[in-house]
Amino acid sequence: MAEPTVSDAERELFGGPLRYDAGWAEHERAWLDLTMLSAIRAMPRLVGGTLRRAWAADRPALLVVAASEVGQGIAAAVGLLAVNAVMHALLGGGEPVDRLHAALPALVAGALVAVVNAGLAGLSTSRAGRLEPLVERIATTEYLEAATAVELEAIEDPEFRRLIDVAQYGAASARRMIGACVAALNGTISLVATAGILTVLHPALLPMLLLIAAPRGWGAMRVAQERYVSVMNWVEHVRAGRLIGNLLTERDAAQEVRIHGVGRYLLEKYRDMAESAEAEQKRLADGKALTELVAAGLSGLAMAGTYGVMLGLILSGHMGLAVAGTAVIAVRTGSASLGALVMNVNQLHEESLYVQDHDRFLVEAARRGIPTTGQDLPERLGRVVLDGVTYRYPDREEPALDGVSLVLPMGSVTAVVGENGSGKSTLMKVLAGLLLPQGGSVRWGGVDLAGLDRSQVFDRVSLLTQDFQRWPVTAALNIRIGRPATRAADAELRPSVDYAGAAPVVAKLPHGLRTLLARMFRGASELSGGEWQKIGLARTHWRTETSAADSVLIVDEPTSALDPEAEIAAFDAIRRLAGPHRAVVLVTHRMSGVRHADTIYVLDRGRLAEQGSHDTLMAARGRYAAMFDTQAAQYAPGPRTGVPHPSAPPVPEPS
Ligand SMILES: Nc1ncnc2c1ncn2[C@@H]1O[C@H](COP(=O)(O)OP(=O)(O)OP(=O)(O)O)[C@@H](O)[C@H]1O
């Protein structure tokens, strides 16, 4: 495939063509490499896979579809025999009325066969229509179940993410494969029936049918491929243009689009890309027309040749007129079926690429799934211990955590601080059991995490992160979803709302807790970042309050969007959540929020640099003290560093 042209605009904006890094993009090449032979060779496997799914979904429906398709094939053959009988009667000797009389039984038989055929086709359509949504639902459920059951490490692995991405199309493809399979089966059966009848009529007719049909099949395949190449070429310009279009209308970009004048600039680039796409489409449309012309010409030549041979056979007395008439009809029907069959095989192959990804995903997801068995977690844990924990992300050279040890006794507040990228969030994921360490161990109540029933571990963890999920559901459910299995009336959520200081937020909502929080839906309300954080805190409270077993509360940057007053209240509220049966771990850059913690751990590039209470660490004058002092200096009176003062002398330009 020739490299598509890149417009100047694309080069300026993206540095080249805009290609997706998604799994399905891999199929572009596979589809282009497809040949008729390889498609036919793959047919039994593809049809077999579809049949297995349909068999699992609804056996009786599948059997009815199969029986009615075979019935239609037989009806097609009987129909041709009836045509042949009618031809014989009409072209035989005698008075026209007598000939019509003689043709009548065959005509009635032909009509009956047509009615039976239509009935069978309807039956097949109805049962296939029943199978399609069933197969899609089964495949979708398989996909979603598998995706939610894999380890977080798999979700964070770009390769696996690509597989998740591409496998999502598998369910719809599995559905479409039912229709394509039925059509291919129908085409094959009627082709076999037609071929059988032609052989009976005259042995020379079968090769003739193939002669006519072969160029048509080749033409259909080639045209389909060219169409695909054409789409692949211009779609890149279209894709880039669409991205620009979205940026121009997006809410997030609206301010810069207006104030920085980005709108006018991008609009110009959009025009440039659209023109490239149009030129590409025109060029490829011309090419496609030429291919279609050649294909049609070849097919026509073969058809003319066949009719010529038939004429020769008739003139030399080797074929009767009646047989010739039937043969003409059979050849036309047969070649039309073959053309359709080629298209169906094409479609089957294309869809099967996505279904194969779906299957590959299920296998891979099962391999990377979170174990569903393991040792039970005792109700009382005493403490959770991380011992020499090492963790490296799959696509990274350096470990994100390198031999980190910490102890979390129940009833304590522990703080973890460190610069950006020092490993704090990774440490929290390991602590929560979301990531398994590659070195060292995590022990819950003395038992290694690796041997524990992980669902029980998750049940003991409450998580409040900066980017916690803002679910597009009601405010009440956004709180209750902290423990979705526990049902609760709105009144029961009140303590959590009050605890988080979210009462004024809820009071402002048009339907209180019943208000839908999703900007994209009609009648819904949107909250500010800080208001959302209060809802998040209420959710955490609800989760912690609905369990009495020993547990760990992990809070990662919970106050980034809160105003100073709300921040002080939130840190205070979080500290209050530490109870005799709960350990609180706080990750934050706000040093004021950690000074009251029992123990503070300082991380530096994945290693533990310091640990101790605020006073101990301040006295040690190490990294913690430096971080604390830097932040405190921001609020201290007097000249500030970093931000130039208007009266400060200008910085000299480098010569
Ligand atoms: N999903 C991931 N895949 C690959 N590398 C990652 C991933 N998440 C984090 N990292 C890398 O691991 C290191 C530690 O990241 P982590 O998010 O744990 O740091 P952090 O201390 O929480 O940072 P911040 O204060 O900015 O939130 C960083 O170098 C980061 O780039």
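1. Let me start with G501, the residue that comes after α16 and has a positive phi, near 70 degrees. Helices here are DSSP runs of H or I with at least four residues, strands are runs of E with at least two, and both are numbered from the N terminus. Please keep in mind that this is a predicted model, in which local features need pLDDT of at least 70, side-chain atom pairs count only at pLDDT 80 or more, and totals for chains, interfaces and linings use all residues. Residue numbers run from 1 along each chain as its sequence is written.

2. Helix α16 itself spans residues 490-499, and its buried residues are L493, S496, V497 and Y499. A residue is called buried if 20 or more other C-beta atoms lie within 10 Å of its own, exposed if 12 or fewer do, and partly exposed in between, with C-beta atoms placed from the backbone. These residues sit on the same side of α16 because they cover an arc of only 160 degrees around the axis; the arc is that of the directions from the helix axis to the C-beta atoms. Their packing partners are α15 (475-480), α17 (503-508), α18 (529-545) and α19 (564-576), where contact means C-beta atoms, placed from the backbone, within 7 Å.

3. R605 has a positive phi of about 45 degrees without being a glycine, and its place is the loop between β9 (599-604) and β10 (607-612). R605 has 15 other C-beta atoms within 10 Å, so it is partly exposed. R621 also is not a glycine, and its phi is positive, near 55 degrees. The loop that holds R621 runs between α20 (614-620) and α21 (623-635). R621 counts as exposed because it has 10 C-beta neighbours inside 10 Å.

4. On to the ligand: 13 residues surround it, and the closest are Y393, A400, N420, S425 and T426. By class, the shell has 2 nonpolar, 7 polar and 4 charged residues. Here Ala, Val, Leu, Ile, Met, Phe, Trp, Tyr, Cys and Pro are nonpolar, Asp, Glu, Lys and Arg are charged, and the others, Gly among them, are polar.

5. The domain assignment lists domain 1 (23-367), domain 2 (373-460 + 549-632) and domain 3 (472-546); such bounds come from an automatic or database assignment. Between the C-alpha centres of domain 1 and domain 2 there are 57 Å. Their contact involves 5 residues from domain 1 and 6 residues from domain 2. On the domain 1 side, the residues are 2 nonpolar, no polar and 3 charged.

6. The largest nonpolar core has 67 residues, and L431, V585 and L586 have the most contacts inside it. Such a core is a set of buried Ala, Val, Leu, Ile, Met, Phe, Trp, Tyr and Cys residues joined through C-beta atoms within 7 Å. Strand β8 (residues 582-587) gives the most to this core, with 5 residues. Domain 2 and domain 3 each contribute at least three residues to this core. Leaving aside residues up to four places away in sequence, V585 touches L408, T414, V416, M428, L431, V552, I554 and V555. A second, separate core of 66 residues includes A82, C181, L191 and M319.

Key:
Two residues are in contact if their C-beta atoms, placed from the backbone, lie within 7 Å. A residue is near a molecule or strand if its C-beta atom, placed from the backbone, lies within 6 Å of it.
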